[in-house]
Amino acid sequence: MKKNFILLIGITPLILITLFIKKLGSSTYFAAILTLTVIFTLFMSYLYFEKSDNGTKEIAIIATLSAFAAVARVPFAMIPNVQPTTFIVAISGLVFGPYEGFLVGSSAAFISNIFLGQGPWTPWQMVAWGVIGAISGLIGKGNKRPKTEVFAIICLFYGFLFGAIMNLWHIVGFIKDINKTTILLAYINSFPFDLLHGLGNFFFSIIFYEKFYKILFRFKLRIT
């Protein structure tokens, strides 16, 4: 019952967005509600984790993977949008599941920004990487293991998915006149950076996928 209640509250912001957009029809209200939804989603995700019955082993592996994904981002900060964090988050979700993947992704963003700089972009990065971890968890349901090439292509797509979510932050934060043209221009301008992100993910997957999967899957067998 408690889990169902928390999940119900978690989807409430999505319902509110639809109702407010239809009623108000204002980009200002849309920006405020969308930002609050991002923060509220993160809050409910960690509240669910706090209320769950995860053991110390599960908590330890989530914390370890989050820290590893965060630290791996720092040395690549000078290369625009190329870093192994997305790959690590994706493979963590693939092995351990969607909820664990979300937590690893969101925590990795927050931890890495302690070194790289916190700001209003942090919650959006947390949700973006969290979503990537969750999607990978759904792909890996039932211990399904994609081939290396397939997973690399998925991670290539994640570069554009991450960019699409972060573009929302740019649009609601910096564009005063939000319309189809300004939204399209925002996504066109971000395309080269999203492509670099995706290609970086692709090559990290090609090189490290097999080794990382075997290591993480062994950890999974030990804690289950």
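**View 1. Helices H7 and H8 side by side.** The axes of H7 and helix H8 (residues 180-223) come within 7 Å and cross at roughly 150°. Angles over 145 degrees count as roughly antiparallel, and H7 and H8 are therefore roughly antiparallel to each other. The crossing in which H7 passes H8 is right-handed. Sorted by class, the residues of the contact of H7 with H8 are 20 nonpolar, 10 polar and 2 charged. Please keep in mind, here and in every view below, that this is a predicted model.

**View 2. The whole chain, for orientation.** Before zooming in further, here is the setting for the close-ups. The protein chain has 8 helices and 0 strands, and along the sequence its pattern reads α-α-α-α-α-α-α-α. Of its 224 residues, 43% count as buried. Among contacts in the protein chain with a separation of 6 or more, 79% join residues 24 or more positions apart. The accessible surface of the chain comes to about 12300 Å², and carbon and sulfur atoms account for 73% of that surface.

**View 3. Serine 205 within helix H8.** This view returns to H8, where serine 205 is found. Is serine 205 buried or exposed? Serine 205 has a relative accessible area of 0%, so this residue is buried. Which residues is serine 205 in contact with, once its neighbours within four places in sequence are left aside? The partners are Phe87, Thr148, Phe151, Ala152 and Cys155.

**View 4. Helices H5 and H6 as a second pair.** H5 and H6 pack with their axes 6 Å apart, at an angle of about 150°. Their arrangement is therefore roughly antiparallel, and H5 passes H6 in a right-handed crossing. On the H5 side, the residues that meet H6 are Pro98, Gly101, Phe102, Gly105, Ser106, Ala109, Phe110 and Asn113. On the H6 side, they are Thr122, Gln125, Met126, Val127, Trp129, Gly130, Val131, Gly133, Ala134, Gly137 and Leu138. By class, this contact of H5 with H6 has 10 nonpolar and 9 polar residues, with no charged residues.

View 5. Not counting residues up to four places away in sequence, serine 107 touches Tyr46 and Ser66.

View 6. Why does lysine 144 count as exposed? Its relative accessibility is 56%, and exposed means over 50%, so lysine 144 counts as exposed. With its neighbours within four places in sequence left aside, lysine 144 is in contact with Leu94, Ile139 and Tyr213. How many residues lie between the sequence positions of lysine 144 and leucine 94, counted as a separation? Lysine 144 and leucine 94 are 50 residues apart in sequence, while in space they are 8.3 Å apart, C-alpha to C-alpha.

Terms used. Residues numbered from 1 in each chain as written. Predicted model: local features only at pLDDT ≥ 70, side-chain atom pairs only at ≥ 80, totals over all residues. Heavy atoms only, no water. Buried < 20%, exposed > 50% of the residue type's maximum accessible area, 1.4 Å probe, protein only. Contact = heavy atoms within 4.5 Å. Axes fitted to C-alpha atoms, helices over the stretch in contact; angles between N-to-C directions. Helix = DSSP H or I, 4+ residues; strand = E, 2+ residues; numbered from the N terminus. Parallel < 35°, antiparallel > 145°, perpendicular 65-115°, else oblique. Left-handed = near helix turned anticlockwise from the far one by under 90°. Nonpolar A, V, L, I, M, F, W, Y, C, P; charged D, E, K, R; others polar. Areas by Shrake-Rupley, 256 points an atom, 1.4 Å probe, with all protein chains shown as cover.
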